[in-house]
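Opening my notebook on this one. I'll jot down what I looked up, in the order I looked it up.

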Amino acid sequence: METCFDVKNIDLFYGEKQALKNVNMEIYKNCVTAFIGPSGCGKSTFIRCLNRMNDLIEGCKVEGEIIKDGLDIYSPKQDIVDLRTRVGMVFQKPNPFPMSIYDNIAYGPRCQGLKDKKKLDEIVMTSLKQVALYDEVHDRLGESAIGLSGGQQQRLCIARCIAMSPEVILMDEPTSALDPISTSKIEDLCLELKKDYTIVIVTHNMQQAARISDYTAFFLMGEVVEMDKTDTIFSHPSDKRTENYITGRFG
Amino acid sequence: MLIDKKRVKRNKALDKFFRGFFMAMAILSSSFIVIIVLFVCAKGISPFLPGYEYGQVDLISFLTGSIYRQDQGLYGVGFIIINTLISAFIALLISFPLSVLTALFIAKIAPKKLSAAMQSVVELLAAVPSVVYGVFASGVITGIVEWLASLFGIVTYGGSSLLAVVLLLAIMIFPTLTSMSITAIKAVDPNLEQASLALGATRTQTNFKICLTAAKSGIFAGAILGLGRAYGEATAVAMVAGNKLFGPTFNPFDITRTLTSTMLAGLKETTGLDYDIRFSVGLVLIVVIFFSNWILNIVKKRIGRNSVA
């Protein structure tokens, strides 16, 4: 299996406070990799390392290497804009832009200078189809995205991300603000999307990780306690702490 | 029992009392506005009614007239309305881009310390009394206008001109517009910016396409407030307007006359019709502001449909 990210000895500090301690892992292409763990364990912090969203936080310092396609994404040679077009992100709270549905999806390509109306039309249509939103909204693409339901908004955000044809989609608790039906739609979507994309998902919900992921990493207090195939993690965890967590003894 | 029945009763009574008290305050303050408008109306309408003691004035010629001369008893404010609209709108046109870009810089781009310092400067500017702007305008802006006019070979009335009024108003509405824009831009959900950056947009693209778009409703509210100030500013404007007797004025180097400067000039040295007619002018000003706010609010609703702030 091909490696997408090779993470080596990542330490992350918020000022004086160390939030990640010596994180090592490999993330494979065309797989769903889930990060689980209790609140404040560093899983969201870590996923934000993968597209350097932590750069936006003042006083945040990252040490170590994350190799993608032979280049450390934290090296000065890495262009951040280029990285973020290849590694897309979906956030916890659906955050559509206050514009039309069409403009939301066309936003990324337009920022890269794409003006061709035909191409944009095609990108918008295929992206919406991929997230199974096209049939629901095709007759109101010009209307504000704010008017969509929460679940639709989140699928729109995924479509917006797909419109950039990224290699990786990072999802930071994408269903925590959604109802069960919308959640299951997003989960189905993840399974569908992994054919074309590498998916990394942070989740609070262990059943969700078990349902959709191929690999699972268990985070605790800034460290990766254990990472393995999802089946193995949930049936034969090698670390006592993992077992305690997934059997609900804490967290 | 933790609940003391006496205390519950007292709290209820206190609640009732304060509700009444606050309502009385609200009624008192809003009745002031009503009283002022009613008074201006009564006084302002009187010259147009038959049997007015100084001789009835024709309403149509008052509203459409293009000469305003006390000495000849000619009172036409049509051209003054146009002058007022022109000076306020051009001032807004100049101030708007400057203010919005300044606000964007302060809210998003400047380092924290600089941003805080610049914001207090803007707030300070808003607190400067208008008469101080007035002396600045008559001391500095008129000089600049005079020099500028001389480049075109034009002699001005000591720099008093439409251009001076416009520049003065542009400076005066700048703090209002800027601080409203800062508030609106800062209110934009940081999640939207993150989403934009995560899509590979640059900082500049994010600032213009997301922050300004999301804040446009609040920015527009600032523009409405600023325009209101530009219409209503009297003291400083009167110091550089020149109070032309006829018009309208389209030449930027020519003197002009606005509704406010008309009301103010010589108010204390006059009686009779010339005194009363100023209330009519005030009434016209109220109507002009009311209408332009109404129109701008319709526009605001249209452009603000997709806005969050």
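This is a predicted model: local features need pLDDT of at least 70, side-chain atom pairs count only at pLDDT 80 or more; totals for chains, interfaces and linings use all residues.

**Interface, then chain A**

In terms of contacts, I found 27 residues of chain A touching 22 residues of chain B.

Next I turned to chain A by itself. I noted ten helices and ten strands there. Its radius of gyration is 18 Å, close to the 18 Å that the globule rule gives for 251 residues, so I wrote chain A down as being as compact as a globular protein of that length. I also took the extents of the C-alpha trace of chain A, which come to about 55 × 40 × 35 Å along the principal axes.

Then I checked burial and contacts. In chain A, 54% of the 251 residues are buried. Of the chain A contacts with a separation of 6 or more, 67% join residues 24 or more positions apart.

Last, I looked at surface and charge. I have about 11,000 Å² of accessible surface for chain A, with 48% of it belonging to carbon and sulfur atoms. How far apart are the mean positions of the positive and negative charges in chain A? For 30 positive and 36 negative charges, I got 2 Å.

Definitions and conventions. Residues are numbered from 1 along each chain as its sequence is written. Chains are lettered from A and ligands numbered from 1 in the order in which they are written. Side-chain values use heavy atoms; hydrogens and water are left out. Helices (H or I, at least four residues) and strands (E, at least two) are DSSP runs, numbered from the N terminus. The radius of gyration is taken over C-alpha atoms; the globule rule is 2.2 Å times the number of residues to the power 0.38. Buried means under 20% relative accessible area, exposed over 50%, partly exposed in between (1.4 Å probe, protein chains only). Contact means heavy atoms within 4.5 Å. Accessible areas come from the Shrake-Rupley method with a 1.4 Å probe; for residues, only the protein chains shown count as cover. Lys and Arg count as positive and Asp and Glu as negative; His and the chain ends are not counted. The place of a charge is taken as NZ of Lys, CZ of Arg, CG of Asp or CD of Glu.
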